[in-house]
Amino acid sequence: MENTNSIIRASQDRLVNKRWGVFNHYLWNKREHPERTDLGSWSDTIDTFDTDRLAKTLHEIGAGYYFFTVIHATEYMATPNQTYERMCGVEPGVLCPKRDLVADLYNSLSKYDIDLYLYYNAYTPLFIYIPEELSLSFVSKHVRNTKGGGIMLNTPLEDYAKNWASVIEDTAVRYGDKICGWWIDSCYRAVGWTFDNVAYLHRAIKKGNPTAISGFNNGVFEDIKKWYPEEELTCGEFNDFGFVPESRYIDGAQSHMLIPLGSTWGEKGVQHDHAYFKEYLPKLEAVGCPITFDIYVGPDGSLDEEQLEVLRGL
């Protein structure tokens, strides 16, 4: 059944009318890239991100919206968050930057009417290697290393979900209606996530912006699926292009797909040429399904020229 909530419907319409956008995995920290001797501290690296140049480029190629990664795969977060810092027991500038990069992104993108969306990983603190020099009290309380190198919960997932929801709420409240929607990763049923646990994250998002739409990722499938009953957006993670949904809505959730333009996530290069997408996108538009292209981004916010040429004017 289609979502009859007029406020959420307006947010879904807004995304559909933007047609397509891009997604960046911004992961330029020493944990993710130990080979990059040119990288300074996390906070210093974020200071080099040129948001005005990025926004101008996205406008020139015709992107309607932009997804930015707040945290993924490591302990580093790309925006200030006092709740996270307090839980981790660190000062500003260590795990979170001193610069408010998300606010700067919004200010730059809004000049061109490009909407801003955020990506969060629901499970990041459980997947990271914790450096010995940091006293991460939150992570130490909730997880423990196993002999095989894996990580196990010390506390029930519900307790973890409540705590992580407070971190998300910090971000959501900080930016309010500047954020049009959220893509929350790693809410996998296979590792114990339930609808009740996801609900903590969903409510946290709504405290910042009740009109924001959000999707909670339960994995990669052959078609688009709605997982969490209250989500207003499908995550739609695919590894290649070609799928076309049968309708705009999946049980009330806005159909949407996120796919890497390169060979894998965050990489340069293209899987298909411009002509392919000129033929593919109208098929998606006919059913009302926006598509988000994951593309490369450098430490300073620079983009890959080959990818830009493929996307330009779609």
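The largest cavity holds about 120 Å³ of space. Of the 13 residues lining this cavity, N217, G219, F221, K225 and G236 sit closest to its centre. A word on terms: on a 1 Å grid over the protein atoms alone, a cavity is a set of points where a 1.4 Å probe fits but cannot get out, while a pocket is an open set with protein on both sides within 12 Å along at least five of seven lines; a lining residue has an atom within 4 Å of a point. Grid points are joined across faces, edges and corners, and the volume is the space filled by probe spheres set on the points. Bear in mind that this is a predicted model, where local features need pLDDT of at least 70, side-chain atom pairs count only at pLDDT 80 or more, and totals for chains, interfaces and linings use all residues. Residues are numbered from 1 along each chain as its sequence is written, and side-chain values use heavy atoms, with hydrogens and water left out.

By class, the largest cavity is lined by six nonpolar, four polar and three charged residues. Here Ala, Val, Leu, Ile, Met, Phe, Trp, Tyr, Cys and Pro count as nonpolar, Asp, Glu, Lys and Arg as charged, and the others, Gly among them, as polar.

The structure has two cavities of 30 Å³ or more.

Now for the open side of things. The largest pocket comes in at about 230 Å³, and among the residues lining it are H25, L27, H72, W265, G266 and V297. Its lining splits into five nonpolar, four polar and three charged residues.

H25 is worth a stop. You'll find H25 in the loop between strand 1 (20-24) and helix 2 (42-47); helices (H or I, at least four residues) and strands (E, at least two) are DSSP runs, numbered from the N terminus. Leaving aside neighbours within four places in sequence, H25 is in contact (heavy atoms within 4.5 Å) with T69, H72, W265, G266, D294 and V297. The C-alpha atoms of H25 and F68 are 6.9 Å apart, though 43 residues separate the two along the chain.

Finally, a search of the whole structure turns up zero disulfides, meaning pairs of cysteine sulfur atoms within 2.5 Å.
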